[in-house]
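Subject: Model for your review

Hello,

Here is the model I promised to pass on. Please open it alongside this note.

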Amino acid sequence: MKKTYKIEVDCANCANKMENAAKKTEGVKDASVNFMTLKMSVEFEDGYDYKEVMQNVLKNCKKVEDDCEIYLK
Amino acid sequence: MTKKQKKNLTRIIIAAVLMILLIFIPIENKWLKLVLYMIPYLIVGYDILIKAFKGIKNLQPFDECFLMAIATVGAIAVGIWGDGDFVEAVAVMLFYQIGEWFQSYAVGKSRKNISALMDIRPDYANIENDDGELEQVDPDEVEVGSVIIVQAGEKIPIDGVVVEGESSLNTSALTGESMPRNVISGDEVISGCINLNGLLKIKTTKEFGESTVSKILDLVENASSKKSKSENFISKFARIYTPAVVFSALALAVIPSVFTGDWSTWIYRALTFLVISCPCALVISIPLSFFAGIGGASKEGILVKGSNYLEILSKTKTVVFDKTGTLTKGVFEVTAIHPEIVDENTLLHLAAHVERYSSHPIANSLKAAYQNENDGCHVLKAENIAGQGVKALVNNNIICVGNEKMMKAVGAEIQKCPHEHSGTVIHVSRNGKYIGHIVISDIIKPTAEQALKELKKSGIKKTVMLTGDSKKVADKVAGELNIDEVHSELLPEDKVNEVEKILSEKLGVTAFVGDGINDAPVLSRADIGIAMGAMGSDAAIEAADVVLMDDDPIKISKAIKISRKCLRIVNENIWFSIGVKIACLVLGALGIANMWIAIFADVGVMVIAVLNAIRALFVKKL
């Protein structure tokens with residue numbers, strides 16, 4: 001399953017950091033952050049609850065870039 | 001300006017004013033001075049300190065905030081033990097924040113610039129409800145085959161066919177083309193175009209999710225997910241670089257001090273070294289350059305699917321073209337009329353009549369050439385003779401339209417056509433007597449010749465054309481366009497083999513430009529695949545790395561130029577930033593550069609690099 005979230009981040013490098021953090025989160029198959037459109041699209045692995053996974057993604061992103069935000073629907 | 005930017009700007013201004021005031025107020029007591037200087041320092045830098053602290057807590061210590069925090073805290077410490085000068089600490093933090101603010105503002109501006117142009121997402125579709133009134137619904141809910149209504153000024157939300165009304169459409173968001181396109185009942189329209197004047201009723205042929213506009217938005221939103229080598233290099237570089245700098249600074253502070261005993265001088269030098277070495281200029285400007293480059297390209301109707309493709313595209317040395325649909329229009333048109341006995345108009349007139357009930361591509365082109373086919377003439381007993389042509393009774397004359405075989409069969413003596421090599425020749429006879437022939441051929445796109453010239457001018461070494469068409473036609477097109485190499489009469493799999501051969505010659509990056517469904521394997525095999533026309537085949541767009549939104553071949557050289565400009569900027573930024581930093585680092589270590597030069601090496605270089613990066617956005621004149 002794939003979902004797209006709106007994000008808030010200041011610089012292109014911070015967006016890259018977020019992308020890497022999201023990719024490393026358990027339950028995430030692949031993730032990409034588009035700095036131009038301020039969107040993060042996350043592909044989830046089967047058998048995971050995407051809402052829980054996204055909480056962890058947010059937590060991990062905050063670790064690498066404190067100033068970021070992901071708007072979870 | 002966003003809320004955050006406004007807030008940060010206020011902080012910067014207040015801190016700057018306070019700092020300048022404090023410089024002019026002579027304060028004797030060191031501790032009072034420290035407390036007073038702490039006010040602007042904390043106003044402007046509290047978030048950096050918090051971030052640095054959180055970074056350490058999360059075991060991600062080596063970022064710019066961390067560098068800034070130790071540099072300024074260190075400078076304050078040097079002030080306490082040494083000369084009681086706190087201006088530098090505040091200034092470092094202040095200028096760092098100014099740089100950050102500027103960066104965020106520039107990014108916001110350019111993002112707005114790009115996204116406004118890419119703002120093609122339709123929010124609603126109008127449908128007529130049972131009372132005959134217009135109702136706005138979510139485009140997702142509109143089923144295939146429903147009739148939607150698009151008023152003047154609205155975007156067409158879903159692909160479809162016009163069933164009522166006529167108008168002109170602005171397609172610039174999709175194609176970068178500023179000329180409006182006129183549509184009438186029966187024309188196909190694509191979503192994302194803006195209806196300029198009339199009211200259109202459109203019968204949808206696709207779901208919203210499958211419509212052009214959704215596909216394009218998907219492309220744009222997923223672009224830049226593939227990182228270029230330069231970007232990967234920079235993020236790897238930053239990972240090694242920052243810790244390395246921190247430890248060198250530590251060494252610079254400790255080792256000479258042990259020998260000389262002059263701790264404050266060497267700590268000060270180490271701090272200067274830290275400020276200079278902050279990698280902001282690189283880590284910010286490189287991704288920003290690609291962001292601007294992709295944005296600028298999409299403004300011109302060129303969608304690049306990732307920054308790595310922009311990088312590869314800039315190194316293109318060989319361009320391989322598909323012929324039909326790429327260099328030629330892919331539709332057959334009447335290019336010559338050679339009558340015998342009768343005049344040109346009569347010949348075309350009769351030929352068009354015979355083909356009235358046929359939908360063969362040749363029939364269509366004849367009918368297109370003779371606009372008022374459906375006049376009062378009687379067309380009877382139209383008969384299709386397989387492998388020969390069509391025969392019919394027009395105003396009581398037996399007219400045959402077909403190939404040489406057919407002419408032989410009816411006993412008409414044909415005239416050889418001087419333009420035989422350029423296309424298909426259609427002979428016409430009246431009551432068994434030869435009255436002339438019409439040449440139909442696929443015509444070259446008007447901009448193709450210029451496109452090829454531009455490519456050569458921009459340093460493309462070799463151009464190749466691959467086509468399934470006959471050798472005669474292929475050679476003629478290639479000759480007119482000055483293409484270096486032609487391979488004709490190819491099957492789709494032969495095209496892949498030809499591209500393999502070119503790739504094995506190792507002449508540098510090879511790009512393939514094509515549009516059809518059978519081009520998809522070649523598009524993915526080439527180093528870089530360029531698909532023509534977002535209105536072309538889905539398979540081609542899927543397989544391609546770069547999509548040209550309109551069918552204009554001139555955009556190929558434009559795309560290459562944009563990519564080169566972007567990469568040039570990236571390289572400029574890499575060398576400029578690293579160069580200035582190394583120079584200042586050496587000066588700093590020798591004690592020649594003070595904190596103010598360090599601030600320039602950090603913030604100044606960053607601002608220049610950001611401004612340079614933004615330049616990648618401006619590609620109109622390329």
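**Ground rules**

This is a predicted model: local features need pLDDT of at least 70, side-chain atom pairs count only at pLDDT 80 or more, and totals for chains, interfaces and linings use all residues. Residues are numbered from 1 along each chain as its sequence is written, while chains are lettered from A and ligands numbered from 1 in the order in which they are written.

**Domains**

The assignment for chain B lists domain 1 (1-119), domain 2 (125-222), domain 3 (245-324 + 446-622) and domain 4 (329-444). These bounds come from an automatic or database domain assignment. Taken over C-alpha atoms, the centres of domain 1 and domain 2 of chain B are 51 Å apart.

**Helix pairs**

Helices (H or I, at least four residues) and strands (E, at least two) are DSSP runs, numbered from the N terminus. Axes are lines fitted to C-alpha atoms, for helices over the stretch in contact, and angles run from 0 to 180 degrees between N-to-C directions.

Take α2 (residues 30-57) and α3 (residues 64-81) of chain B: their axes come within 8 Å and cross at roughly 145°. The crossing of α2(B) and α3(B) is left-handed (the near helix is turned anticlockwise from the far one by less than a right angle; right-handed if clockwise). Residues of α2(B) in this contact include B:L34, B:I48 and B:L49, and those of α3(B) include B:F66, B:M68 and B:I80. Contact here is C-beta atoms, placed from the backbone, within 7 Å. The contact of α2(B) with α3(B) has nine nonpolar, three polar and one charged residues. Ala, Val, Leu, Ile, Met, Phe, Trp, Tyr, Cys and Pro count as nonpolar, Asp, Glu, Lys and Arg as charged, and the others, Gly among them, as polar.

Next, α7 (residues 229-260) and α8 (residues 263-277) of chain B: their axes come within 8 Å and cross at roughly 165°. That makes α7(B) roughly antiparallel to α8(B) (over 145 degrees; under 35 is roughly parallel, 65 to 115 roughly perpendicular, the rest oblique). The crossing of α7(B) and α8(B) is right-handed. B:W263 and B:W266 are among the α8(B) residues that meet α7(B). By class, the contact of α7(B) with α8(B) has eleven nonpolar, two polar and one charged residues.

**Sheets**

Two strands pair if DSSP finds at least two bridges between them.

An open sheet of seven strands runs β10-β22-β21-β20-β11-β18-β19 (chain B), with mixed pairing. Its edge strands are β10 (302-304) and β19 (485-487) of chain B. The twist averages 20° from one strand to the next. Within the sheet, β11 (residues 316-322) and β20 (residues 509-514) of chain B run parallel, joined by five bridges. B:F321 has B:V513 as its bridge partner in β20(B). Helix α19 (residues 554-590) of chain B lies across β10, β11, β20, β21 and β22, at about 50° to β10(B).

An open sheet of six strands has the order β2-β1-β3-β9-β4-β7 (chain B), with antiparallel pairing. β2 (134-137) and β7 (188-189) of chain B each have a single partner strand, so one side of each is left without a neighbour in the sheet.

Finally, β14 (residues 389-394) and β15 (residues 397-402) of chain B run antiparallel over six bridges. β14(B) and β15(B) form a hairpin with two residues between them, and B:N395 in the turn has a positive phi of about 45°.

Best wishes

Terms used. Two residues are in contact if their C-beta atoms, placed from the backbone, lie within 7 Å.
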